[in-house]
Amino acid sequence: MARQAPQPALAVAAGSAPEEPPRAAAAGRGLTLALAVLRAGPVAILGLLVLLLGLVSDVFWSLENIGNVLNQSAVICVLALGQLLVVVTRGIDLSVGSNLSLSAVVGALVWQHQSSTVLAVAAALATGTAVGLVNGLLFVKGRLPHPFIPTLAMLTAASGLALYLSHSETIQGAPPLVDEVGAGRIAAVPGGGDIGWFPTATFVVVAVAALLVLATRGLVWGRWVYAVGGNPEAAVRNGIPVPSVLVSVYAVCGLLAGVAALLTMGRADAGSPTAGALAELDAIAAVIIGGASFLGGRGTVLNALTGAFVIAVMRNGLNLLGIDPNWQYMATGVVIVVAVELDVVRGHLESRFRSLQAVSAP
Amino acid sequence: MTATSSTSPTSPTPVLQVRDAAKRFGAVRALDGVSFDVGRGEVVALLGDNGAGKSTLIKAISGVHRLDAGSVVLDGVDITAAGAMAVRAHGVETVYQDLALFDNLDPAANFFAGRELAGPSRLPRALRLMRHRQMTDRTRELLDRLQVSLPDLDAPVALMSGGQRQAVAVARAVAFSSKLVILDEPTAALGLRESARVLDLVRRLKDDGVAVILISHSMDQVMAVADRAIVLRRGRSVGETAPTADNHERLVAWIVGAAGHQTI
Ligand SMILES: Nc1ncnc2c1ncn2[C@@H]1O[C@H](COP(=O)(O)OP(=O)(O)OP(=O)(O)O)[C@@H](O)[C@H]1O
Ligand SMILES: [Mg+2]
């Protein structure tokens, strides 16, 4: 009875000397801080990159260049957002690039034959969604061991179909509205005539992102997506319709590949059967740089966008500095490793934090 | 010698009746004709060595496994063939050995996983808007009532200690159960202090008239909270008694198989 055991909680009174277990409390604060910094990892990487490029390049901060970065990042952003949902459920969609190509070809062909904006847009979106749906159904109903397999198969199949339908040639022309959105610029540069700098495609990115924020944070569906990723077995036990959730996630990812196809069509005023080649790699890289985990359940819309911007800014910066384009790929590789390494460190700190909780809990 | 009656002394009609439960996995007879009752507000401990069939038995009750033979009756309703969701709808909640929490979600999201409060009800469930505030408030209320204190209700449970996580899992079971809570080794990963908190929760459930089936390898804990202990060995029930200090050796003998079947 002589000594008081550490009493309920770290009753850390405002001000005054450190309370009961001072070491634990201090370590706890340190860890909390470190974790906060690490969670801001993707934003920090982007901030650092922007700062650096601003220092070494005069034109980086010009409105024209900002407009270019935004424009170039639009497709990566939209694809990354779809990929994010898939990765949150512990999956991967390797087919988004081919899906983009196929959707663009179909959209352009429909425009060529029907001259209907509505039909062309609907065809591109429907193609994207259908491809995603097939991915999801193959994975879930076909009981394939990992989404890697159906989406890898789809990568080649959709690409082949795009080449077949287009006779391996770019289908020229796209609806004016699509061109307007995909390639348009508003907000004139001061003293630069009436050519705008701000790409209209960015509005599409903002709209898609806003819808996804709403869907992931507001809708029951979004909660289920994260629950399925966090613990699929528990999700089943809790009555969450896991197969439908998975299929829906791949369908939405496909739909967004269709949206990206429209942006690509607009920029080129054409539908090319190779428009999306390798785009899946950018999308996956963006999601990883954005801190999503392949272990599932982790990753946010804003961080995925940040990851997409890291890639776009890096590419832009290396271009501005006149560096060999091949370095871009290597640089992307380095950033991926750095981002994942930060994630690993975060994991370690979190488990330290956990054991600290056990020690200092009331 | 205590009473031989297999029903609980606290209530005339048991809340749960398991009869001749049998389940095999290939050549393994995980359950080989187990029968027992649980009374209202009674805490029954299931004891037994590793692989004795304890988890299989509770999974058969909770609807995760379907029995090959035998029956499970809850409050007069036959739930032998009911699936996991149907059993839960009948007021039985289970905290599985492997915890089944969503590490990436916060306590409120864990509480309401699969039964999120959301509206409007004319929309399909997936497309309803969640009522975050309501879910957090209800979670806080319940944790307060159970005197569980968590450092941060907005943090994912991954950041919590084993005891805090277990408290969330148990509290979730408590929140939605009206008749029976099943706990499979709820203190296995916990230190002394955190184990004590979980046992407190068990006592509070009992006070609320909710029956508890508790699987534990710790005889001390069983003696501390259980009214009755049932020992399984190789899928059979080999003995049943009140877990008192006097019966301690007998229970251990049953568990390791040093004595034949008896009910004391
Ligand atoms: N899904 C399954 N498939 C095949 N065999 C299983 C399965 N589940 C359990 N078993 C087997 O059934 C027997 C009983 O297992 P059970 O998990 O019920 O034991 P337990 O008493 O819970 O043991 P522990 O104390 O280790 O948790 C064991 O031999 C186990 O290997
Ligand atoms: Mg077990």
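Is A:Asn303 buried or exposed, and what is its relative accessible area? In this predicted model, A:Asn303 is buried, with a relative accessible area of 18%, a value that falls under the 20% limit used for that class.

View 1. Leaving aside residues up to four places away in sequence, A:Asn303 touches A:Arg39, A:Pro42, A:Val43 and A:Gly290.

**View 2. The contact between chain A and chain B.** Chain A contributes 30 residues and chain B contributes 34 residues, and the area buried between the two chains is about 2800 Å², with carbon and sulfur atoms giving 55% of it. On the side of chain A, the residues that lose the most area to chain B are A:Arg223, A:Arg237 and A:Asn238, which together account for 28% of what that side buries. Between chain A and chain B there are 0 salt bridges, whereas 10 residue pairs, both members at pLDDT 80 or more, are in polar contact. The elements of chain A that give two or more residues to this side are α1 (22-39), α8 (201-217), α9 (220-230), α10 (232-237) and α14 (325-360); of these, α9(A) gives the most, with 7 residues. By residue class, the side of chain A that touches chain B divides into 16 nonpolar, 7 polar and 7 charged residues.

**View 3. The open sheet β2-β1-β4-β5 of chain B.** Four strands make up this sheet, and their pairing is antiparallel. Strands β2 (28-38) and β5 (77-78) of chain B stand at the edges, each with a single partner strand, so one side of each has no neighbour in the sheet. Within the sheet, β1(B) and β4 (residues 69-74) of chain B pair over 5 bridges in the antiparallel sense, with B:Arg19 standing opposite B:Ser71 in β4(B). B:Asp20, which is placed in strand β1 (residues 16-25) of chain B, counts as partly exposed at 48% relative accessibility. Not counting residues up to four places away in sequence, B:Asp20 touches B:Gly33, B:Val34, B:Ser35, B:Ala69 and B:Gly70.

View 4. B:Glu93 is buried at a relative accessible area of 3%, whereas B:Arg115 is partly exposed at 23%.

**View 5. Two further salt bridges of chain B, B:Arg165 with B:Asp103 and B:Lys179 with B:Asp75.** The closest N and O atoms of B:Arg165 and B:Asp103 are 2.4 Å apart; B:Arg165 lies in helix α5 of chain B and B:Asp103 in the loop between β6 and α3 of chain B, so the pair ties together parts that are 62 residues apart in sequence. B:Arg165 counts as buried at 16% relative accessibility, and B:Asp103 as partly exposed at 32%. For B:Lys179 and B:Asp75, the closest N and O atoms are 3.6 Å apart.

Definitions and conventions
Residues are numbered from 1 along each chain as its sequence is written. Chains are lettered from A and ligands numbered from 1 in the order in which they are written. This is a predicted model: local features need pLDDT of at least 70, side-chain atom pairs count only at pLDDT 80 or more; totals for chains, interfaces and linings use all residues. Side-chain values use heavy atoms; hydrogens and water are left out. Contact means heavy atoms within 4.5 Å. Buried area is the accessible area (1.4 Å probe) that two parts lose on being put together, summed over both. A salt bridge is a side-chain nitrogen of Lys or Arg within 4 Å of a carboxyl oxygen of Asp or Glu. A polar contact is a pair of N or O atoms within 3.5 Å; within protein, one must be able to donate a hydrogen and the other to accept it, and residues adjacent in sequence count only if both atoms are side-chain atoms. Ala, Val, Leu, Ile, Met, Phe, Trp, Tyr, Cys and Pro count as nonpolar, Asp, Glu, Lys and Arg as charged, and the others, Gly among them, as polar. Buried means under 20% relative accessible area, exposed over 50%, partly exposed in between (1.4 Å probe, protein chains only). Two strands pair if DSSP finds at least two bridges between them.
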